[in-house]
Amino acid sequence: MGYTIAEKILARAAGLPHVKAGDEVMAKPDFVIAYDFPGYTDVYFKSMKEDFGIERVPDPERYAIFIDHMIPATSPKEEELHIITRNWCAENKVPLFERKGIGHQVAAEVGYATPGAFVVHFDGHVSQLGTFGTLAMGIRRNILEAFVRERISIKVPQTVRVNLRGKLSPGVMARDVFHHLVREMGSASCRFQVLELGGPGVDSLTTEGLQVITGLAMFTGALTAIVNPDKARLDYALPRARIKLDPVYSDEDATYSAVYDIDLDGLEPVVVIPPTPSNTRNLVDYAGLEVQTGYLGSCASGRVEDLRIAAQVLRGRQVKPGFQLNIVPTSQEIMAAAAREGLIEILVEAGAFISSSSCDFCFGRIATMTAGQRAVSTGTLNVRGRMGSPDSEIYLCSAASVAASAIEGAIADPRKYL
């Protein structure tokens with residue numbers, strides 16, 4: 001009887017020889033990570049002391065906190081939250097990562113994407129660590145348990161297998177692949193399950209591209225997503241890993257609740273129309289629709305390959321007058337790499353506004369829209385009010401499509417610029 005990679009990771013975390021989907025286990029997360037946010041971390045810190053009598057966490061290296069929202073602070077109240085976080089981390093000797101970039105990306109850069117590890121967070125986009133063979137789950141409702149107990153109760157989830165085949169055409173990106181998956185499979189196809197990516201088509205995708213797909217897994221209903229790591233992913237993750245674990249892989253005879261085959265050949269750029277992330281359409285059907293602003297960033301995009309293709313589209317061209325193109329590299333490490341490559345120069349000369357890494361553009365704290373405006377965005381959501389007025393609209397698409405649309409001031413197919 002074979003086991004999935006998720007079952008193997010949870011078996012080790014639970015101290016058991018094996019587990020199967022449906023088993024109730026007490027598992028010890030290798031890492032408990034979070035970003036500071038009002039009503040979340042400040043409440044956890046207070047509850048740990050007042051309700052559970054925990055003055056210091058017993059194993060501080062298992063925890064990590066990121067300050068990646070409300071950066072820089074725009075009010076005393078926001079800075080007070082950051083002070084609470086800094087003080088708690090200092091008192092507990094818990095690693096703190098501030099102004100390094102968006103935490104889900106930085107977590108991989110600083111070694112929490114350990115192949116074979118079990119990681120929990122309250123935010124589901126941590127699933128992108130699954131690119132490196134890490135089982136990283138957003139457990140919003142019971143994350144406090146992970147802060148106050150060594151082990152958490154968890155029901156071993158079933159796994160949905162997606163086999164990718166073929167290869168992407170020029171101008172088509174991993175972002176297009178993910179939204180195509182939602183279109184083909186449905187927005188609840190992986191509900192409360194693990195989305196496992198495999199098949200020969202995986203090898204044609206970059207590590208950054210896989211981070212896009214795994215990081216957006218929640219929009220299939222999945223608890224998380226994971227990839228059986230290849231040499232490229234291991235070469236990145238293992239030298240950075242904070243603990244030593246053997247990578248694990250799904251068995252060939254593992255049991256899946258469903259198996260999908262997705263062909264990458266012939267896939268075209270797509271756009272997700274408001275007001276939900278399940279409304280995937282072919283981009284050509286919306287070409288020419290006027291848009292006033294563009295956002296290239298978030299934990300789902302804004303990596304070097306996104307900045308590179310945006311620069312390729314915009315090189316020697318100009319953002320349309322009046323159009324606001326905001327580009328936010330996902331981390332400071334990525335921004336530095338893009339600067340060394342000359343990408344920042346190209347984007348700035350084309351008329352883009354480059355901002356330091358933070359989550360603030362994505363969740364609508366910065367660069368908000370007014371009623372009647374439309375945006376093309378690589379953010380995570382297109383629900384009403386996400387980027388300002390509830391009467392504005394967000395069209396989700398790839399970095400290449402955002403760049404092309406910035407030139408025309410309307411939704412545009414990037415392939416004619418490549």
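Reply: We begin with contact, which means heavy atoms within 4.5 Å. Keep in mind that this is a predicted model. With that cut-off, the buried residues of α9 pack against α7 (207-215), β14 (293-296), β15 (324-327), α10 (332-340), α11 (343-350) and α12 (399-408).

Me: Which residues of α9 are buried?

Reply: Buried means under 20% relative accessible area. In α9 the buried residues are Val304, Glu305, Asp306, Leu307, Ile309, Ala310, Ala311, Val313 and Leu314. Because 9 of the 11 residues of α9 are buried, the helix is largely enclosed by the rest of the structure. Glycine 316 follows α9, and its phi is positive, near 75 degrees.

Me: Is arginine 161 buried or exposed?

Reply: Arginine 161 counts as buried, at 17% relative accessibility. Its place is in strand β8 (residues 159-165). Not counting residues up to four places away in sequence, arginine 161 touches Glu196, Gly198, Gly199, Asn228, Tyr256, Ala258, Val259 and Tyr260.

Me: Which domains does the assignment give, and how should I read the interface between domain 1 and domain 2?

Reply: The size of an interface is often given as the accessible area lost when the parts come together. Here the domain assignment gives domain 1 (5-263) and domain 2 (271-416). Their centres, taken over C-alpha atoms, are 25 Å apart. Between them the domains bury about 2,900 Å², 57% of it on carbon and sulfur atoms. Of the area that domain 1 buries against domain 2, Ile102, Met173 and Arg175 supply 24%, more than any other three residues. Counted by contacts, 38 residues of domain 1 meet 37 residues of domain 2.

Me: What is the volume of the largest pocket, and which residues lie nearest its centre?

Reply: A pocket can be read by its volume and then by its lining. The largest pocket has a volume of about 1,100 Å³. Its lining has 41 residues, and Phe122, Gly124, Gly138, Arg140 and Met218 lie nearest the centre. By type, the lining of the largest pocket divides into 21 nonpolar, 14 polar and 6 charged residues. β6 (135-138) and β7 (152-155) each supply at least two residues of this lining, and β7 gives the most, with 4 residues. Domain 1 (5-263) and domain 2 (271-416) each contribute at least three residues to the lining of the largest pocket.

Me: Where does the second largest pocket lie?

Reply: The second largest pocket lies between domain 1 (5-263) and domain 2 (271-416), because both give residues to its lining. The space in the second largest pocket is about 360 Å³. Among the 16 residues that line the second largest pocket, Leu168, Val172, Met173, Thr206 and Glu305 are the closest to its centre. The lining of the second largest pocket divides into 7 nonpolar, 6 polar and 3 charged residues. Helix α9 (residues 304-314) returns here, with the largest share of that lining, 4 residues.

Note on methods
Residues are numbered from 1 along each chain as its sequence is written. This is a predicted model: local features need pLDDT of at least 70, side-chain atom pairs count only at pLDDT 80 or more; totals for chains, interfaces and linings use all residues. Side-chain values use heavy atoms; hydrogens and water are left out. On a 1 Å grid over the protein atoms alone, a cavity is a set of points where a 1.4 Å probe fits but cannot get out, and a pocket is an open set with protein on both sides within 12 Å along at least five of seven lines; lining residues have an atom within 4 Å of a point. Grid points are joined across faces, edges and corners, and a volume is the space filled by probe spheres set on the points. Ala, Val, Leu, Ile, Met, Phe, Trp, Tyr, Cys and Pro count as nonpolar, Asp, Glu, Lys and Arg as charged, and the others, Gly among them, as polar. Domain bounds come from an automatic or database domain assignment. Buried means under 20% relative accessible area, exposed over 50%, partly exposed in between (1.4 Å probe, protein chains only). Buried area is the accessible area (1.4 Å probe) that two parts lose on being put together, summed over both.
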